[in-house]
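This briefing gathers notes on helix packing and on charged side-chain pairs, grouped by topic. Please read it alongside the structure shown below.

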Amino acid sequence: MRQGLKTCWLALLNGLLLAIPLATYTTVNDFRQPNALLLFLVVISLVVVAHTQWPRAWGLWWPLYLLSLIGGSYASYPLGEPLSLTWFQHFSTKLFQQTSAFRASTSTQAMPVLLSMLLIMALAIGLSLLAVRWQQPLLSMIVSIGYLLAVTLFATRNEVWPLTGAIGLATLLLLSYRHSHWSWLSLSYGLLALGLLGAGATVNTWAQPAINQLAKASLTWRNQLSSRGFYNFLAKSAAAKKTGISEDTATLGGSIQDDNSVAFKAVSRSNHYWRVDTRDEYSGKGWTIAGDQDATRKPTTTSTGYLTTPTSKKDAVKLTFAKTLTYLPVGYGATSWAVSAAQQKRIGVSYEPERGRIYLNTGKRPLTSVQVHYQPQKYTAAQLTAITARANAELTETYTQLPEDLPKRIKPLSQKLTKTQTTEYGRVHAILTYLKNNHRFEYTKIDTPTTPAKRDYVDYFLFTSRRGYCDNFSTTMVVMLRTLGIPTRWAHGFSGGTRGKKAGDGQYHYQILNSDAHSWAEVYFAGIGWVPFDPTPGYQNPGTKAAKEKAAKTASISSSSSSATTNSTSSHTSQATASSSKPRPTNQTSTSTTTKQPTHQFRLTTTWLHVSLGILGLLLILFAWLGRYWLGLMGLSLMLHWHLGRPTQHYRYLQAWFEHQHARRPAETLSDYADTVEQLWPALAGQFTNATTTYLAITFGDYPADTLPAQLQAVVTTLRQHRKPIPV
């Protein structure tokens, strides 16, 4: 009965210890059903307790582990179906597809969420068995505390309280294993564990200044690691949030890691912003698309916002995609693409004029490269300042939309910043300058906090955190301008690329990475159209400066032949803000700008060979840990065989081996302890008692040590056949 209660107590402590990092894992990776994994952990803990109490019914327990794994998978991802063979087939197909794509990926792609979830559940089963069934809790402690440390240091989440709680539970768990008998030492350990738990509960009060100072002091170093791809190497084994174009912009915020894999390559005369899409409806958490917007399958002349046709010379641009993209990135200006109606259907091309989004590769034959013609459109700050006309009522209503519960203090701040301005452009530039050149705001990708559930995304950034990246700055500018009645929308795409070697005819090779993904604001000016403004510190509006030279490998780019022309136009002002203000210097090393230094890839790469070797290494460590008692006996046997060391040392090694399996009571003599060992290992039949008597005679008398090695060798030989003690 006492042993059963101890098993339940150990299972409870181990379950709570694993639940802390598991809850963090589900939050970081945005699980749809986070409580499902916690319920799975409860079920597994109960099964392990039963398995420990009735170990001989192994034919029952292992099928239960498998059923628990299937049940946990269904509870986490039901896929809109009842638990059935059909669900299992769909789940397996999805898992296989995600795993195949992950294996085929040559970039630092995050591990698929289904595969990650299954590995986490399998790890929970293994750690629970180790801690409860086989009484080896060390790995549970290392994994739990190590994961929370990694999240705290590299994702900069405030996991200090969970980390302190995990350390406290680990201390209690270790105390429960090591000190089965009550003593002042065990009491001190218990008080230490409670002290750690109490310190963690109040850490945000007494340690917050130190935590903030540490985060600020290490920001430059961590930004350098991010820009060099170090976090990608760590994120290979987790479903981490990374830079790149995402179709889901409904919830913004939180830390993000640089993905330095190639998005696409371009051969062009100039480096510029590449717009992908725009959003018009702000929810308080992120951006969505208002209503249904018609996509044109066969456009002849399309417009994304410019009201006049550019007069500049057309520039041939060749694009090569690193993988199949569902969008066509276009520069600010007029972009024409020669493609026939038949090709459009075969490739899958459609266009949404209001958003300026060109859908690509939705057909049966996706493209890997394309050739377009680009005409940049330029306006000066003087032209924008001279505009006094207003947009029509319908457009103004759509692009000044704000949620009803938007915090009221945002509008007064916007009015205060623009009260001396008499033109629309002046008000736009005032908001831009406030966000771009204000020392109160800190640009960081890895230190950006997640917006609390009951806070507005912009309000939290403006008045509380003041830390963020392009999404924070651009969304804030759009919302602040909308409070002033200025039609503004949110755009995202790429901020430009790194220029490589010359391609001929005045063109250069450009490489655009997923870490170049960016967002900015677009303001509507009557008579001109949508004009981009970038409020993010360290970034400049398109065309202000040429990209620096960088040696790059020659890209092999093919083009598509055509018979009809599709035009898409987007607004651009390369001189509007550059002519009126100089960009301030910035020390943000992770910023991707049109003038950025070449991005250096972190040299460590993760392949399936590395993953396999890592798993093999972990298994070897695990087997070595589980077999450490057998390895200890083997080592002692070799020492006795080769006469390495004194016989009395060999006895003390053997005594320590026994004490690791059954602790010696305080004030217990060696002779009494030898009797206890003989009761636990009856196969010894007095061998250890004889060796103990000889050891005491050698230590406290003049007895010769010749017979002790043979006695110890007999004990070791018997223990190699009967390694485990009998239950008492």
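In this predicted model, helix H18 (residues 457-465) and helix H19 (residues 470-483) have axes that come within 9 Å and cross at roughly 105°. Angles of 65 to 115 degrees count as roughly perpendicular, and H18 and H19 are therefore roughly perpendicular to each other.

**Helix packing around H19**

- On the H18 side, the contact is made by Tyr457, Val458, Phe461 and Leu462, which meet Asp471, Asn472, Phe473, Thr475, Thr476, Val479 and Met480 of H19.

**Salt bridges and their burial**

- Side chains of opposite charge can pair when their charged atoms come close.
- Searching the whole structure gives 14 salt bridges.
- Asp277 and Arg279 form one of them, with their closest N and O atoms 2.8 Å apart; Asp277 is buried at a relative accessible area of 1%, and Arg279 is buried at 4%.
- Asp459 pairs with Arg455 in a salt bridge whose closest N and O atoms are 3.0 Å apart; here Asp459 is buried, with a relative accessible area of 3%, whereas Arg455 is partly exposed, with a relative accessible area of 25%.

**A strand-to-strand pair and a network**

- Arg489 and Glu522 meet through their side chains in a salt bridge, at 2.8 Å from N to O.
- Because Arg489 lies in strand E13 (residues 488-494) and Glu522 in strand E16 (residues 517-525), this pair ties together parts that are 33 residues apart in sequence.
- Arg489 counts as buried at 1% relative accessibility, and Glu522 is buried with a relative accessible area of 0%.
- Elsewhere, salt bridges that share partners join Glu247, Asp277, Arg279, Glu352, Arg355 and Arg357 into one network.

How values were computed. Residues are numbered from 1 along each chain as its sequence is written. This is a predicted model: local features need pLDDT of at least 70, side-chain atom pairs count only at pLDDT 80 or more; totals for chains, interfaces and linings use all residues. Side-chain values use heavy atoms; hydrogens and water are left out. Axes are lines fitted to C-alpha atoms, for helices over the stretch in contact, and angles run from 0 to 180 degrees between N-to-C directions. Helices (H or I, at least four residues) and strands (E, at least two) are DSSP runs, numbered from the N terminus. Angles under 35 degrees count as roughly parallel, over 145 as roughly antiparallel, 65 to 115 as roughly perpendicular and the rest as oblique. Contact means heavy atoms within 4.5 Å. A salt bridge is a side-chain nitrogen of Lys or Arg within 4 Å of a carboxyl oxygen of Asp or Glu. Buried means under 20% relative accessible area, exposed over 50%, partly exposed in between (1.4 Å probe, protein chains only).
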